[in-house]
Amino acid sequence: MAPSYKIACIGAGYVGGPTMSMIALNCPDIEVVVLDINEERIKAWNSEQLPIYEPGLEEVVRQCRGRNLFFSSDTTKHLAEADMIFVSVNTPTKTSGIGAGKAADLTYWEGAARMIAAVATTPKIVVEKSTVPVKTAEAISKVLKRNCTDPSVTFEILSNPEFLAEGTAIEDLRMPDRVLIGGGDSEAGQAAIKQLAWVYAHWIPQERILTTNLWSAELAKLTANAMLAQRISSINSISALCEATGADVQQVARAIGMDSRIGSKFMNTSVGFGGSCFQKDILNLCYVCEGVGLKEVADYWMKVVTMNDYQKQRFVERVISAMFNTVARKRLAIFGFAFKKDTGDTRETPAIDVCRGLLADGAKCVVYDPKVTPVQVFRDLSAPKFEWDRPHGWGKSERHITENVQVVADPYACAEGAHAICVLTEWDEFKSYDYQRLYDSMVKPAFIFDGRNVLDHEALRSIGFIVYALGKPLDPFLQKSY
Ligand code: UDX
Ligand code: UDX
Ligand code: ADP
């Protein structure tokens with residue numbers, strides 16, 4: 001018998017796709033349909049080549065697709081039938097108009113709400129899944145109620161922020177630290193919370209299902225991402241101090257992480273954090289704070305982003321100054337372009353700013369990443385950040401990019417004839433390469449700039465590489481300034 005409870009999800013992206021797949025896997029008594037306006041994306045979800053790479057995802061999709069998990073672009077039919085509708089559309093930072101560069105662009109969200117209102121003839125529970133600014137639920141509620149032609153239809157809005165991280169999405173969904181459900185105080189609001197909690201209770205222990213009011217759930221999501229990003233900016237700021245003083249950032253991180261009040265996770269220094277959430281959510285948090293007159297609070301959080309930009313710039317400056325103050329016409333092998341390992345996602349990846357910085361100094365960048373396509377690399381390096389963008393000559397024309405950037409499918413081809421290797425993503429495979437072979441094929445002195453501290457620096461030095469590692473005592477060679 002076909003399941004009688006129906007869930008639809010608007011948005012078949014990094015959040016919607018994996019989350020709905022896991023709900024379908026664990027709830028055979030529920031029918032789950034994932035919808036997207038992008039037909040190509042839906043086609044890919046229905047094919048053997050899923051549109052996103054996520055370890056373990058294929059297996060889950062294979063088990064449920066066609067059983068109780070469907071991917072479709074027929075939004076009208078499925079939204080009309082659904083009892084519960086998740087919205088996990090993209091909420092990028094506004095690039096123009098009021099709040100540009102900070103506020104969340106809710107165009108897609110509003111579009112989704114209007115789609116629901118247009119077809120609803122039965123009561124709906126609408127679940128915010130994508131990160132949204134605090135009080136979005138209120139705005140969405142208005143759009144839904146004012147646009148629905150059938151006045152008897154009721155909408156209950158819930159906030160159920162997703163905390164999965166890319167690369168570990170399936171594991172995070174299988175056993176999340178917590179599931180957070182925010183809802184209204186009314187009887188109907190509480191009933192809606194119960195209904196969503198029932199969905200998760202199919203596989204999540206009751207004590208991990210947390211219920212709050214709507215605003216707390218919305219704010220918790222922004223705050224969680226801001227605090228996580230803050231940890232990275234904090235340790236990255238200390239990495240600069242370590243280089244200046246001869247301390248070792250990994251030793252410092254280990255020592256402080258053993259304090260149970262601080263904890264050891266999320267303390268890896270890096271060339272900078274990336275991803276679709278951290279920067280966007282902090283900017284959003286700052287915008288919300290400014291909106292309610294809390295300038296000091298906004299300034300405080302903004303520093304997390306400033307420090308991240310500083311870390312990327314500092315890395316570029318290290319590369320240039322180590323290589324005798326210029327990288328003009330030098331071939332630089334870029335190992336890794338994704339914003340972290342085990343994903344092909346490049347949104348806000350630090351590699352974009354680092355490559356742009358190196359290109360601005362005249363370098364020739366040759367990129368190798370196991371999962372990022374050449375098209376994506378070129379798109380990322382050519383696209384302006386904002387409509388008014390291109391500060392300080394960091395943006396370059398598309399022609400400049402095509403002439404000076406190359407994307408290759410093999411790490412050895414990438415490094416051949418290069419002056420330096422820059423590690424920008426912590427892919428595991430980077431650790432197991434034959435570095436003697438890489439060294440032999442490079443121009444001397446051969447440099448490695450490890451922006452993730454994943455390589456064996458002593459072994460590299462014994463081969464003959466000049467090694468820069470973030471937050472580590474500097475090679476004597478690098479202590480000279482040119
Ligand atoms: C993040 C949050 O972790 C997740 O809970 C939320 O739902 C979405 O945003 P994600 O962006 O997928 O997830 O990846 P995450 O593992 O958090 O990494 C973000 C960035 O921080 C990456 O660029 C990563 O390389 C960097 N990072 C992470 C560090 O530089 N050091 C660390 O110690 C950890
Ligand atoms: C601190 C460190 O904890 C300790 O490891 C170090 O050796 C000395 O400094 P102490 O100052 O004695 O110890 O007390 P602590 O418990 O850390 O509290 C410091 C201040 O932070 C207090 O005013 C406390 O009220 C405040 N605090 C602490 C908060 O406001 N919120 C908290 O969650 C924790
Ligand atoms: P996230 O990382 O939050 O999942 P993505 O950009 O990966 O974000 O996915 C969001 C998806 O939402 C995209 O595939 C986009 O096409 C889809 N989308 C946006 N607006 C709508 C809409 N009104 N109806 C259906 N799908 C939408």
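**Domain arrangement and ligand shell in the predicted model**

The mean pLDDT of the protein, where pLDDT is the predictor's confidence in each residue on a scale from 0 to 100, is 94, and 96% of the residues reach 70 or more. Over residues 387–395, however, the pLDDT is below 50, and beyond near neighbours in sequence this stretch has 12 contacts in the model, two residues being in contact if their C-beta atoms, placed from the backbone, lie within 7 Å. Where pLDDT is low, predicted coordinates should not be read in detail. For the complex, the predictor gives an ipTM of 0.94 and a pTM of 0.93. This is a predicted model, in which local features need pLDDT of at least 70 and side-chain atom pairs count only at pLDDT 80 or more, whereas totals for chains, interfaces and linings use all residues. Residues are numbered from 1 along each chain as its sequence is written, while chains are lettered from A and ligands numbered from 1 in the order in which they are written.

The domain assignment gives domain 1 (5–204) and domain 2 (226–479), with bounds that come from an automatic or database assignment. Their centres, taken over C-alpha atoms, are separated by 33 Å, and the contact between them takes 18 residues from domain 1 and 18 residues from domain 2.

Both domains give residues to the shell around ligand 1, which therefore lies between them. Of the 19 residues around ligand 1, Asn-268, Ser-270, Phe-273, Gly-275 and Cys-277 come nearest, a residue being near if its C-beta atom, placed from the backbone, lies within 6 Å of the molecule.
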